[in-house]
Amino acid sequence: MLTIPAASFSLLLLASLMIPTGARAAPRPLRIVTINLLHGGITSELVGRDQHLEERLTMVVRELRTLDADVVGVQEASRGRRRGDVAARLASALGFHHVYAPAAHRWPFVSRVLGLEEGPAVLSRFPIVTSHAHPIDGCGGLYRRVLVCAELATPRGPLEACSTHLDGSDCHAERVASILGARPRTAPLILMGDLNATEQSKGIRNLIAALGLVDTFRAANPAAPGFTVWQPVWLERPFASRRVDFILLAPGAHTRGRVVASRVVLNHPSRTQGRVLWPSDHYGVLSEVEIPRRAGDGKARAGRARARRSAAVHRTRFPWTPVWANEAGRPEGIGDESRERWPGVALRDEHARACRAADRPHLDR
């Protein structure tokens, strides 16, 4: 057995204590994921056919845990009587904070009749300090899209994370550029989403140029195709042939992020009931981003303090959508052994009381 004399051990201990803090291991890069969940179709809640949403959500949660994601941009996060609040359930399963905003028909009664609403969400390991929902108007159509953003208090300082689901038109991309360009931005910005357009489209090129965005996947993979759509969930073989899912990064006023790596994820099927099943008709994208913290910057500490004073969960809710909860009053988990839903807990009222106590609205607009 190797023995170390007491005097030598003392010297080693003293030397370790004298290592400057900056020389110790730096925090790992932030791991950002975007994924369109495929809610199953606008009539799926009404007819009860959602392309095995429960099994697919279990696959997504398992993969996000394996990836050790920090921030997740979700599209087609749905809510209904059968499925409950999918964004809240995902956040609960991961132990994350979240904010969600519904995209809807221009006539609300359509959503009421169909019993389904859906929209983008941001899920975060870190506290959400503030959140904003921006309707994407001015492009016509019967379906109004939305951009949802959250300021996160990360160990490296504030980060603004946004999620959206566009229709692929140049108009929608230009509206997002206008919305984000009009907002003051000191922190780095992450824009995640299913943009329904490729990097060669005029709208995406203009969006990137207008905000000084970096396409994180393309920065890390100059030649890889990175296809993300469309994958029939029952098809045995990979079928994606376009890249329309993006994680875009813009620097803050005083901080520039650095893309460390990026790759396509959630791009392998499992088997259920003897058949192949993919997590979604979209593959996900994972990007690792390094955000250096300025020396002496106290904004991160201030952000964390504000986050502790804010409500624990940020989300909007329509009164006709019920909340399924378990015995502890938390949204039903995903992949739990028991799938029994407990319909008695009004989390909406609890959340409203928490927001009033903190003297702030439950979703800043």
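Axes are lines fitted to C-alpha atoms, for helices over the stretch in contact, and the angle between two of them runs from 0 to 180 degrees between N-to-C directions. In this predicted model, helix 3 (residues 53-67) and helix 4 (residues 86-94) pack at an angle of about 40°, and their axes are 10 Å apart. Helix 3 is therefore oblique to helix 4. The crossing of these two helices is right-handed. On the side of helix 3 the contact is made by Leu53, Glu54, Leu57, Val61, Leu64 and Arg65, and on the side of helix 4 by Val86, Arg89, Leu90, Ala93 and Leu94. By class, these residues comprise eight nonpolar, no polar and three charged. An α-helix has 3.6 residues a turn, so residues three or four places apart point the same way.

Helix 4 is mostly covered, with nine of its nine residues buried. The buried residues of helix 4 are Val86, Ala87, Ala88, Arg89, Leu90, Ala91, Ser92, Ala93 and Leu94. Their cover includes helix 3, strand 2, strand 3 (84-85), strand 4 and strand 6.

Strand 6 (residues 116-124) is likewise mostly covered, and nine of its nine residues are buried. Strand 6 runs antiparallel to strand 2 (residues 71-80), to which eight bridges join it. Within this pairing, Gly119 of strand 6 stands opposite Ala77. Strand 4 (residues 97-100) also runs antiparallel to strand 6, and the two are joined by four bridges. Here His98 has Leu123 of strand 6 as its bridge partner.

Leu123 is placed in strand 6 and counts as buried because its relative accessibility is 0%, where the cut-off for buried is under 20%. Residues up to four places away in sequence aside, Leu123 touches Asp70, Val71, Val72, Val74, Ala87, Leu90, Ala91, Leu94, Phe96, His97 and His98. Among these, Ala87, Leu90, Ala91 and Leu94 are buried residues of helix 4. Leu123 and His97 lie 26 residues apart in sequence, while their C-alpha atoms are 5.7 Å apart in space.

Helix 6 contributes Asp170, Ala173, Glu174, Val176, Ala177, Leu180 and Gly181 to the contact, and helix 7 contributes Lys202, Gly203, Ile204, Asn206, Leu207, Ala210 and Leu211. The contact of helix 6 with helix 7 divides into eight nonpolar, three polar and three charged residues.

Some details of the backbone remain to be described. Most residues other than glycine have a negative phi, and most peptide bonds are trans. Glu76 has a positive phi, near 60°. This residue is in strand 2 and is buried, with a relative accessible area of 12%. Asn196 also has a positive phi, near 55°, and its place is in the loop between strand 10 (189-194) and helix 7. The peptide bond from Val229 to Trp230 is cis, with omega near -15°. Trp230 lies in the loop between helix 8 (216-220) and strand 12 (245-250).

Note on methods. Residues numbered from 1 in each chain as written. Predicted model: local features only at pLDDT ≥ 70, side-chain atom pairs only at ≥ 80, totals over all residues. Heavy atoms only, no water. Parallel < 35°, antiparallel > 145°, perpendicular 65-115°, else oblique. Left-handed = near helix turned anticlockwise from the far one by under 90°. Contact = heavy atoms within 4.5 Å. Nonpolar A, V, L, I, M, F, W, Y, C, P; charged D, E, K, R; others polar. Buried < 20%, exposed > 50% of the residue type's maximum accessible area, 1.4 Å probe, protein only. Pairing = 2+ DSSP bridges.
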